[in-house]
Amino acid sequence: MKRYFLLFVMLIIAPFFSSANTVKNVAITAIVEHPSLDQIRDGVKDELVESGFKLDQDLKVQYKSAQGSSATAAQIARQFVAAKPDVIVAIATPSAQATAAATKQIPVVFAGITDPIAAKLIKDWQPSGTNITGVSDYQEIVPQVDFMKKIVPNVKSVGYIYSPNEINSTVVLKNLQTELTKHNIALVAVPAQRTADISTAANTLKGKVDLIYTTTDNNVVSAYDSLVKFANENKIPLLASFPDAIERGAVAAYGMSYYDVGRQSGKLVVRILKGEKAGDIKPEIGEALRLVINTQAAKKQGITLSPQIIESAYKVIGDN
C-alpha cells in the first residue's frame, strides 16, 4: 500500500520537476551585423542571464544574421519557426517583418524598430492581442533638430542618406522634412539602395550641406566608415541619432543606447518565458536619451564645440 502511495505522489509531482528542468529556447535574428544591432543582441542575452537563466543549461540561444538580405531574413524566419523556439527576437525592421509573416503562434519580440506601426507589426501602442510585442527605438524628431542646431548653430541645410526600402528610414525622412521646414532649414535627402551605394550618395552632398544626419539605417551603418572618411575629407560635421556612431567617428550623437534597448527587450522575453503571452504585453519605447561627443572627430570635421555643449554631454571621447 505504501509503495502505491509513493508512486501516486511521484506521478503528481513529476510534472513540476519536469517543468522546472525544461530547457528554454530563444532564437535571435538580425537583418545585418553592425555595432548597434550587435549591442541589442548582447543586451538581450545579458538580461536573460541576469534574470537567472543559465546559458547552455536551462537556456539555449541561437543567433543568425541575414547579412543585409531580406530574402535571407525570410529564410531564417522560416528556419526558426520550423525549430519551434519558445521566443523569437527579431532585430531591425526587415527581420521583424519576415518573422511576423512566418508565424502567428510563436511569440515574437521585435527590437530596435523605429516605427512598428508603419511596419504593420502592431496596430497601436497597446497590447496587440497577437503573438507580437517588443521595444521600439523611436525618437521624436523635434529634440533631434534641436540637437543639430546646438551642434551647428548656423545650420541652413542638412544631408540625409537613407535606404528607400527601409520603413524606419523613410519615416525619419518624412518627419525630418516636416520639422526642418519649420526652421527654414533645407533637407538634401539622397537614397542609397545598397551598402555599396553609400559612398556615391555621400559625394552628392559635397558643397550642399552644413551637416550630415544619420540614423540606424542598416545600409548607412554598415558603411559608416566610408561616410566618416567623406565627412573628414570635406569638413562636414557628421551627427547621429545613435551613440555607437561616436566610436566610429561621428562628431556628436543624441539618442538611446542600443545595449539598453536590448536589455529592455530581454525583460519582455523573460516575461514570456515565465508564462505571459506576448499579445498581453504592451509594446515599449526605449527609455534614456544621451548626448555623446567625439572631440577628435570635431577637429577632423572642422567644427568647434562650445564648452557648454561638451559640459552637458553624458560622455566625451577624444583629446579635449
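Residues are numbered from 1 along each chain as its sequence is written. As this is a predicted model, local features need pLDDT of at least 70, side-chain atom pairs count only at pLDDT 80 or more, and totals for chains, interfaces and linings use all residues, while side-chain values use heavy atoms, with hydrogens and water left out.

View 1. Residues 5-11 fall below 50, with zero contacts (heavy atoms within 4.5 Å) beyond near neighbours in sequence.

**View 2. Helix H2 against helix H11.** Helices here are DSSP runs (H or I, at least four residues), numbered from the N terminus. The axes, lines fitted to C-alpha atoms over the stretch in contact, with angles from 0 to 180 degrees between N-to-C directions, come within 6 Å for H2 and H11 and cross at roughly 40 degrees. That makes the pair oblique; the word covers what is left once angles under 35 degrees count as roughly parallel, over 145 as roughly antiparallel and 65 to 115 as roughly perpendicular. The crossing is right-handed, meaning that the near helix is turned clockwise from the far one by less than a right angle. Among the residues in contact are Ile 40, Val 44 and Leu 48 of H2 and Val 261, Val 269 and Leu 273 of H11. By class, the contact has nine nonpolar (Ala, Val, Leu, Ile, Met, Phe, Trp, Tyr, Cys and Pro), six charged (Asp, Glu, Lys and Arg) and six polar residues (the others, Gly among them).

**View 3. The Lys 267 to Glu 47 salt bridge.** The structure holds 13 salt bridges (a side-chain nitrogen of Lys or Arg within 4 Å of a carboxyl oxygen of Asp or Glu). In the one between Lys 267 and Glu 47, the closest N and O atoms are 3.2 Å apart. Lys 267 sits in H11 (residues 258-273) and Glu 47 in H2 (residues 35-50), so the pair ties together parts that are 220 residues apart in sequence.

**View 4. Helix H3 crossing helix H4.** Axes of H3 (residues 70-83) and H4 (residues 93-102) come within 8 Å and cross at roughly 45 degrees. The two are therefore oblique, and their crossing is right-handed. H3 brings Ser 70, Ala 73, Ala 74, Ala 77, Arg 78 and Val 81, while H4 brings Pro 94, Ser 95, Ala 98, Thr 99 and Ala 102. Seven of these residues are nonpolar, three polar and one charged.

**View 5. Helix H5 crossing helix H6.** For H5 (residues 141-151) and H6 (residues 167-182), the axes come within 10 Å and cross at roughly 60 degrees. This pair is oblique and right-handed in its crossing. Ile 141, Val 142, Val 145 and Met 148 of H5 meet Asn 175, Leu 176, Glu 179 and Leu 180 of H6.

How values were computed. pLDDT is the predictor's confidence in each residue, from 0 to 100.
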